[in-house]
Number of protein chains: 2
Amino acid sequence: MNKKPNLKDVAKVAGVSAITVSRVLSNPDKVSEKLRAKVEQAVHEIGYIRNHAASALASRRSGVIAVIIPSLSNIVFNDVLQGIYSAVKQHHLQVVLGDCHYSPLEEEKLIATLLSQSPEGFILTGTDQTDYARKLLKQSGIPIVQLMELSDCPIDMNIGFSHFNAGVDITNHLLQKGYRKLGFLGARMDTRTQQRLAGFKKAIADFKQPCQSYVVTTTQSSSIRLGGQLLQAVMAESQGQCDAVFCCNDDLALGALFETKRMNLKVPSDIAICGFNDLEASALVEPAITSVASPRFEMGQQAVELLMTASGEDKTHKPPIDIGYRIVERAST
Amino acid sequence: MNKKPNLKDVAKVAGVSAITVSRVLSNPDKVSEKLRAKVEQAVHEIGYIRNHAASALASRRSGVIAVIIPSLSNIVFNDVLQGIYSAVKQHHLQVVLGDCHYSPLEEEKLIATLLSQSPEGFILTGTDQTDYARKLLKQSGIPIVQLMELSDCPIDMNIGFSHFNAGVDITNHLLQKGYRKLGFLGARMDTRTQQRLAGFKKAIADFKQPCQSYVVTTTQSSSIRLGGQLLQAVMAESQGQCDAVFCCNDDLALGALFETKRMNLKVPSDIAICGFNDLEASALVEPAITSVASPRFEMGQQAVELLMTASGEDKTHKPPIDIGYRIVERAST
DNA sequence: AGATAAAATGATAGCGCAACCATTTTGACT
DNA sequence: AGTCAAAATGGTTGCGCTATCATTTTATCT
């Protein structure tokens, strides 16, 4: 195998200088049509592909943005990722992606690794970064977006919605429907889940009439199967009294719903179920599950746009962007 | 903001030469403990992060592998991705990921873009690449793995399983259970779905007793909702005769199952349902859905291992690796 | 036609790092 | 102590590209 062709090889074939080839690739309109055609022909002919490392080194532009999500297996971040990829395509950027498995320490290591790619922007999930990670990020001088939640003191930019408020609202929804023995089913218990739980507790504390609450949580990762187990657990803890459950996500809610069939409980008359994230399945099961919808795809897109419009040197405080959420009432409540 | 620190800055602080710092970062055991400690201290102190572009250019090793999947939203590829990421971590590599939306042309462009990163390996899905894409890939001289299906003429390495055989097997399963009016519900109709359909047709053609088949397909992308629509369609086409459906994936199967409840059909007595991919939900709905399981996570892992053990220059023909599948029989059939 | 501006093209240098080879230091042995 | 090998460290160079500036060609005007 011959060595990979480089700029000079193309230049030789096209009969121009190397720098002209470079321009055809990055600033086609700075080159006359005649030369451009010759060069493009030569590029295609010898299958030349620009060496990104050399280009990035010389131009100080990597054409890369870094993204860290807490979990590849959670469909919620997948939606955000799709938004990111769709926006990135417009800007001719590449994404380098890391999965930190919900661990700030792993995230810190990933941040250091990904920063070595000299990304032109950084997208993070949540607000839970270590101090050293924050130091590295700030020192890098690149624009940064924190996703999903709203933060009082974002590193740079921030877009998300209030999981606390959403927790309050959906709990109030259950209370308004007349349920008084509310269960909370929580898995993983990352910060966003904790905020939802805090909202749940707040709504109950503020409610003017007597009501009961049962909180069942685990740090296991969420799954449909686990939803069934947690429903069992909350029924046990409440001695069968529990008449509504707020599941911290739709996976648990689906599992809980499937479990009600096995336990011969009627939804929503014996027990109401609501979830979070509004997955497709939630709208299509019988009965359909009440959930909290949020524009995740758009959040991902907007995060990229924020990065691209940020000057990088702009150190002014940027207010968090609240992208909102929506309670979707369905038959399960 | 001061300029980003480089090797020399670290060297100055640590009182050593630049090359020693470089060694501490890439070959720690080539450096005495004393100097190493000094250097590591200096690195941490000034928050030094190696410039990947310069490193890649000088060493001709990018530490990157390229991956292209047909869809980010399909959970199936997500599982493979997780396997890839888990393996990649061991090898201290980065992944650059592209989503080609099931389009060979988009894939060709992505391949060109990703090759510019000088990846040390390339993972592709399927065998449907354009000629120019194949030329670029071969010319690059890097090891390549094609995933998911088995190919007679892989570009380099290949790991997957036979979707045709799986289609035959699951159709025979339905026939053995006594169903004789079989429907096939297909969405997207990518090559793997087509192979499953071919298997379905083959099994029916080979069956010794009289039986009917109804094929309903669409190029729309798959979803749970679509599964319900396709079930309606196949029942219409068969004038209510259809007594079993093979859905080309579990999303459709779930949608079909949910639709049977609305249509007051009993599963599996009125109609049997089977899917493909064995998603978590399929095992937990009532009745649980028969499906085809395959080790997707492991396939992703193995793909990376194959890349890492490949010498790159080894042009010998490597036989495809059949990673197998398993029919999981459940109550829906 | 001549003067001037504008566009197109080229030559040179350097981005930050690691390969390569040269030099120094250390340790092991007689 | 003296010899030699091995380990540790450093200096120089070049990876392939683009920024910058210099030069040439073309277009536009009086």
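## Ground rules

Helices (H or I, at least four residues) and strands (E, at least two) are DSSP runs, numbered from the N terminus. This is a predicted model, where local features need pLDDT of at least 70, side-chain atom pairs count only at pLDDT 80 or more, and totals for chains, interfaces and linings use all residues. Residues are numbered from 1 along each chain as its sequence is written, chains are lettered from A and ligands numbered from 1 in the order in which they are written, and side-chain values use heavy atoms, with hydrogens and water left out.

## Two copies, one axis

## The nonpolar cores

A nonpolar core here is a set of buried (under 20% relative accessible area, 1.4 Å probe, protein chains only) Ala, Val, Leu, Ile, Met, Phe, Trp, Tyr and Cys residues joined through side-chain atoms within 4.5 Å. The largest has 145 residues, and the members touching the most others are Ile65(A), Ile84(A), Leu185(A), Ile65(B) and Ile84(B). Apart from it there's another core of 34 residues, including Ile111(A), Leu114(A), Ile142(A) and Phe122(B).

Setting aside neighbours within four places in sequence, Ile65(A) is in contact with Ile84(A), Val88(A), Leu93(A) and Met308(A), among others; contact means heavy atoms within 4.5 Å.

## A cavity lined by both chains

The structure holds 1 cavity of 30 Å³ or more, meaning a set of points on a 1 Å grid over the protein atoms alone where a 1.4 Å probe fits but cannot get out; lining residues have an atom within 4 Å of a point. The largest cavity holds about 70 Å³, a volume being the space filled by probe spheres set on points joined across faces, edges and corners.

Its lining includes Phe258(A), Lys261(A), Phe258(B) and Lys261(B). Helix H11 (250-263) of chain A and helix H11 (250-262) of chain B are the elements giving two or more residues to that lining.

The peptide bond from Val267(A) to Pro268(A) is cis, with omega near 5°, and Pro268(A) sits in the loop between H11 and strand S9 (272-274) of chain A. Another cis bond joins Glu286(B) and Pro287(B), with omega about -10°.

Arg60(A) isn't a glycine, yet has a positive phi of about 60°. Its place is the loop between helix H4 (52-59) and strand S1 (64-69) of chain A.

Methods. Buried means under 20% relative accessible area, exposed over 50%, partly exposed in between (1.4 Å probe, protein chains only). On a 1 Å grid over the protein atoms alone, a cavity is a set of points where a 1.4 Å probe fits but cannot get out, and a pocket is an open set with protein on both sides within 12 Å along at least five of seven lines; lining residues have an atom within 4 Å of a point.
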